[in-house]
Amino acid sequence: IGVTYGNSQSFTISPNTGYHIDSVVVDGVNEGLLTNRNFNAVIANHAIAAFFSIDVFTITAGASAGGSITPSGAVSVNYGDSLSFAISPNTGYHIDSVVVDGVNEGALASRDFNGVTADHAIDAFFSIDVFTVTSGASAGGSITPSAAGSVNYGDTLSFAISPNTGYHIDSVVVEGVNE
């Protein structure tokens, strides 16, 4: 830009959407984060250069016991970029819920953040698998416990089988197989 001797020239520094001013260098000297720069009563040549950096956002990802989320921790994402998260339960667990920015989005196996323009949080919650064991005994004896019971994955449930006086144990059937 040409400036007539003794006149002034003003510059406005404006980043594009998704960027911020990194620095403004005037005559080889970094003058910092300027949004305006005036050259008053110009009597010599000058150089001005504005430098911009893309905005970077953080998506914070966490998981409860029983599974994982990948990637995890504080993950940096450039303005407008996308990032996918995979949610995986450990053996014996299932995805209970995935909470994104405080909103429960259900039992998701993955979650995409497309066109990121803000910080976000994602948390995966897992629950242990629970199974029902049903027991019963014919006339002439008993099994304890005698009702349906819940058992967590990997836990042990023992049964006591007792014949009444004058009876003996004929058979024990587990999952349709006579043991």
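A word on the source, everyone. This is a predicted model, where local features need pLDDT of at least 70 and side-chain atom pairs count only at pLDDT 80 or more, while totals for chains, interfaces and linings use all residues. Residues are numbered from 1 along each chain as its sequence is written, and side-chain values use heavy atoms, with hydrogens and water left out.

Back to glutamate 105: its side chain meets that of arginine 111 in a salt bridge, at 2.7 Å from N to O. Here a salt bridge means a side-chain nitrogen of Lys or Arg within 4 Å of a carboxyl oxygen of Asp or Glu. Arginine 111 counts as buried, with 18% relative accessibility. In general, side chains of opposite charge can pair when their charged atoms come close.

How many salt bridges does the rule give? The count is 2. The other pair to show you is glutamate 31 with arginine 37, whose closest N and O atoms are 2.8 Å apart. Glutamate 31 is partly exposed at 32% relative accessible area, and arginine 37 is buried at 18%.

Arginine 111 is in β12, and is the bridge partner of phenylalanine 85. β9 and β12 pair in the antiparallel sense over 4 bridges; pairing requires that DSSP finds at least two bridges between two strands. The open sheet has 3 strands, ordered β7-β9-β12, with antiparallel pairing. Its edge strands, each pairing on one side only, are β7 (67-70) and β12 (110-113).

Phenylalanine 85 comes up again in the largest nonpolar core, which has 17 residues; Ile59, Phe85, Ile87, Phe113 and Ile122 have the most contacts inside it. By nonpolar core I mean a set of buried Ala, Val, Leu, Ile, Met, Phe, Trp, Tyr and Cys residues joined through side-chain atoms within 4.5 Å. Among the strands that each supply at least two residues of this core are β9 (83-89) and β13 (120-128).

To finish, have a look at isoleucine 122. Leaving aside residues up to four places away in sequence, isoleucine 122 touches residues including Phe85, Arg111 and Phe113, where contact means heavy atoms within 4.5 Å.

How values were computed. Buried means under 20% relative accessible area, exposed over 50%, partly exposed in between (1.4 Å probe, protein chains only).
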